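Please look through the structure below.

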Amino acid sequence: LLLAAGALVTDRNMSQVFGSLTHVVNNRAVNELKLGYAGFAWYTDPVVRWDGSRARDSLGAPSIVLRGYTIGLNYALSPQTLSQDVFSIRDDFSYSFTKAGRHDMKIGGEFLGNFWDIYWMQGYINGQLDATLGPIPANIEELIPVWDDPATWNLGPLSPLTRQYSVGVGEPQFHNPWHIYGAWVQDDWAVTRRLTLNLGLRYDVQRGAFGETLGVVIDP
């Protein structure tokens with residue numbers, strides 16, 4: 001049972017939705033509007049927590065490293081959340097006409113809103129007690145009577161065996177939104193039956209790719 005104290009629960013989920021509306025304006029013009037959403041989330045949660053809660057914002061138990069095995073949280077980057085939500089909108093307007101040849105034109109634009117929500121632990125933010133200066137105490141089952149309830153743990157007698165205690169500090173949660181804008185114009189110009197010019201121009205702007213909009217608060 002003590003070995004199971006370091007167990008983790010991992011959950012992944014994703015969802016998508018997409019819609020398209022096509023409007024035939026007349027025999028020369030068509031407008032197409034597209035809307036979409038795609039979401040993905042990854043969660044890693046420790047089974048053992050200080051308060052017994054399973055809420056993702058509650059701290060896990062510390063990691064107690066003994067000779068031979070580890071009790072409590074045995075993974076530095078947990079709990080952990082990586083979620084992404086992407087909203088998209090795109091519009092294409094097509095128009096055909098004849099002037100010095102046939103023109104099939106398309107004008108359009110799109111927006112992608114990419115929102116990251118990240119909860120990433122700064123090392124052992126729950127604490128790690130390295131008690132490997134000696135063998136495991138013979139009464140370890142009395143010191144750790146309930147493997148998944150840290151409130152019952154008695155860590156005082158481990159002091160003579162303790163080599164060091166490590167803890168990570170800082171704010172583990174941050175948001176990193178990306179905003180992508182695009183616009184284009186295209187003209188397939190059939191100058192003659194044997195000559196067609198494919199002309200086009202596109203411009204894209206992306207904000208947030210380098211974390212310039214990233215908001216992180218680090219506690220001193």
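In what order do the six strands of the open sheet stand?

## The sheet

The model is predicted. The strand order is S1-S2-S5-S6-S9-S10. The sheet is open, and its pairing is antiparallel. Strand S1 (8-24) and strand S10 (196-207) stand at the edges. Each has a single partner strand, so one side of each is left without a neighbour in the sheet. On average, neighbouring strands are turned by 10° against each other, direction ignored.

In a regular strand, side chains alternate between the two faces of the sheet.

## Strand pairs and hairpins

How many bridges join S2 to S5? There are 16, and the two strands run antiparallel. Val30 has Ser94 in S5 as its bridge partner.

Strand S5 (residues 80-98) pairs with strand S6 (residues 102-119) over 18 bridges, again in the antiparallel sense. Val86 stands opposite Asn114 in S6. Phe93 has Ile107 in S6 as its bridge partner. S5 and S6 form a hairpin with three residues between them. In the turn, Ala100 has a positive phi of about 55°.

Strand S9 (residues 173-190) is joined to S10 by 12 bridges. These strands run antiparallel too. Tyr203 in S10 is the bridge partner of Ala183. S9 and S10 also form a hairpin, with five residues between them.

## Asn31 on strand S2

Asn31 lies in strand S2 (residues 29-46). Which side chain does the side chain of Asn31 meet in a polar contact? The partner is Asp91, at 2.9 Å.

Neighbours within four places in sequence are set aside here. Asn31 is then in contact with Leu21, Thr22 and His23, and with Asp91, Asp92 and Phe93. Phe93 is bridged to Ile107 in S6, and Asp92 takes part in a salt bridge with Arg90.

## Ser96 and Thr98 on strand S5

Ser96 belongs to strand S5. Its side chain makes a polar contact with the side chain of Asp104, at 2.7 Å.

Is Thr98 buried or exposed? Thr98 is exposed, because its relative accessible area is 64% and the cut-off for exposed is over 50%. The C-alpha atoms of Thr98 and Ala190 are separated by 9.3 Å. Along the chain, these two residues are 92 residues apart.

## Salt bridges

Side chains of opposite charge can pair when their charged atoms come close. How many salt bridges does a search of the whole structure find? The search finds five.

One of them joins the side chains of Arg90 and Asp92, at 2.7 Å from N to O. Arg90 counts as partly exposed, at 30% relative accessibility. Asp92 counts as buried, because its relative accessibility is 5% and buried means under 20%.

## Links across the chain

Glu110 forms a salt bridge with Arg202, and their closest N and O atoms are 2.7 Å apart. Glu110 lies in strand S6 and Arg202 in strand S10, so the pair ties together parts that are 92 residues apart in sequence. Glu110 is partly exposed, with a relative accessible area of 22%. Arg202 counts as partly exposed as well, at 43% relative accessibility. A network of salt bridges links Glu110, Arg202 and Asp204.

Which residue does Arg163 meet in a salt bridge? The partner is Asp130, at 2.6 Å from N to O. This pair links distant parts of the chain, 33 residues apart. Arg163 is in the loop between helix H1 (140-143) and strand S8 (164-166). Asp130 is in strand S7 (residues 128-130). At 9% relative accessibility, Asp130 counts as buried.

Conventions
Residues numbered from 1 in each chain as written. Predicted model: local features only at pLDDT ≥ 70, side-chain atom pairs only at ≥ 80, totals over all residues. Heavy atoms only, no water. Helix = DSSP H or I, 4+ residues; strand = E, 2+ residues; numbered from the N terminus. Polar contact = N/O pair within 3.5 Å; in protein donor to acceptor, adjacent residues only side chain to side chain. Contact = heavy atoms within 4.5 Å. Pairing = 2+ DSSP bridges. Axes fitted to C-alpha atoms, helices over the stretch in contact; angles between N-to-C directions. Buried < 20%, exposed > 50% of the residue type's maximum accessible area, 1.4 Å probe, protein only. Salt bridge = Lys/Arg side-chain N within 4 Å of Asp/Glu carboxyl O.
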